[in-house]
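Student: Could you take me through the salt bridges here, with a close look at which side chains pair up and how exposed the partners are?

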Amino acid sequence: MTKKKVFIIAGTVVVVAVLAGLVLPKILSGGKEELVAEAPPVVTAEKPQTRTIEISNELIGTIEPDSIVHVTPLGSGEVTNIGVKTGDTVTAGQLLCVIDTKQVESTRIAMETSRITYEDAKRNLDRYTVLHAAGDVADADYQSTVDKVETARLQYENAKILYNNQLEGSQVTAPISGKVESFDISLHDMISPQTTICVISGDGGKSLTFYVSERIISGLKAGDAIRVEKNGTDHEATITEVSTMVDSGSGLFKVKASIPAGDTLATGTSVKLYVTAQKAENVLTVPVDSVYYEAGNPFIYTYSNGTLKKNAVTIGLTNNEFAEVQSGISADDQVITTWTSELYDGSKVTLAEENNQETTTETETTEGNGTEVETSASAQ
């Protein structure tokens with residue numbers, strides 16, 4: 001029994017000794033292994049940049065001719081001849097159709113009659129002039145003859161005008177050069193000045209009509225460049241007209257643009273277009289993700305000597321990438337561009353580039369110590 005008790009005590013002593021061997025070094029070392037400080041978060045930062053911010057809007061527009069004319073006749077009558085068809089290219093003055101106005105011949109006869117009357121009156125005046133010079137015709141009679149000649153002349157001039165108008169009305173010609181977009185009459189149709197014979201689009205480029213809201217119209221003006229896209233091809237266009245009155249049909253503002261090189265765009269087709277509705281030029285900007293909001297008020301974190309500062313700012317125009325900063329920071333500030341839940345005013349942080357430098361230094365030191373250990377081992 002006594003030996004057994006001694007064995008147990010001895011075993012206890014051994015266990016205690018082993019535990020003491022494990023615990024003692026930690027006590028002697030001051031427990032440094034248990035008190036490891038948490039490293040500050042690593043962040044990235046960059047200085048604000050001066051750039052131009054634009055906000056574009058995608059819209060739909062309709063292609064139209066740069067110039068277009070709706071041709072109507074001057075008189076009424078039956079169409080007796082047609083010279084063109086839809087799709088033809090015409091030149092200014094080219095005959096489109098002939099109308100039998102039934103009045104051309106009558107006005108021609110009236111003109112010829114007045115011409116003969118006028119010429120007879122002139123011959124009579126020539127005779128009276130000789131007699132008047134000889135004293136054989138009284139002054140009153142001579143003046144009466146002169147007046148009759150003038151009356152006959154005026155009647156003849158008026159008859160010529162009427163005839164020319166009727167003749168012009170019977171032969172309808174193209175007022176401009178271009179393409180016949182539509183030709184709406186047939187042979188033997190009866191037409192009048194209220195009839196649209198055809199529509200001619202002028203030579204040259206095309207125009208574009210589109211409608212915008214009040215928000216967008218405020219950023220548009222004549223002379224602004226816009227981009228037009230059709231079937232994957234881009235065309236340059238320039239705004240020519242910006243309406244200041246709301247269109248009653250759409251409730252929007254009408255805008256027109258010229259496309260000088262738009263010959264390949266078919267009249268009446270729809271195209272995509274991109275307009276710059278808002279623009280801020282040469283302004284201080286930061287990445288949009290570096291702007292935070294608290295109760296609707298924007299602020300930005302900046303870095304200085306390992307510490308963050310919370311800056312209240314005024315934000316201007318913003319797109320998907322950048323935000324205009326109107327006040328609150330300067331071009332020399334280091335703006336924090338990464339997010340972590342540990343960011344707050346006055347928090348301690350480490351810049352990513354500084355952290356990389358420290359890591360490189362520690363690696364070099366460790367490699368140096370390893371060399372010394374190996375040398376010592378060899379020496380031993």
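Tutor: Happy to; what follows goes through the salt bridges pair by pair. This is a predicted model, where local features need pLDDT of at least 70 and side-chain atom pairs count only at pLDDT 80 or more, while totals for chains, interfaces and linings use all residues. Residues are numbered from 1 along each chain as its sequence is written, and side-chain values use heavy atoms, with hydrogens and water left out.

A salt bridge here is a side-chain nitrogen of Lys or Arg within 4 Å of a carboxyl oxygen of Asp or Glu, and the count by this rule is 14. For exposure, buried means under 20% relative accessible area, exposed over 50%, and partly exposed in between (1.4 Å probe, protein chains only).

Let's begin with D224 and K221, whose side chains form a salt bridge at 2.9 Å, N to O. D224 is buried at 16%, whereas K221 is exposed at 53%.

Next, D234 and R227 form a salt bridge at 3.3 Å, N to O. Here D234 is partly exposed at 43%, and R227 is partly exposed at 31%.

Then there is K310 with E294, bridged at 2.8 Å, N to O. This pair links distant parts of the chain, 16 residues apart: K310 lies in strand β19 (residues 307-312) and E294 in strand β17 (residues 292-294). Strands are DSSP runs of E, at least two residues, numbered from the N terminus. K310 is partly exposed at 30%, and E294 is partly exposed at 46%.

Definitions and conventions
Helix = DSSP H or I, 4+ residues; strand = E, 2+ residues; numbered from the N terminus.
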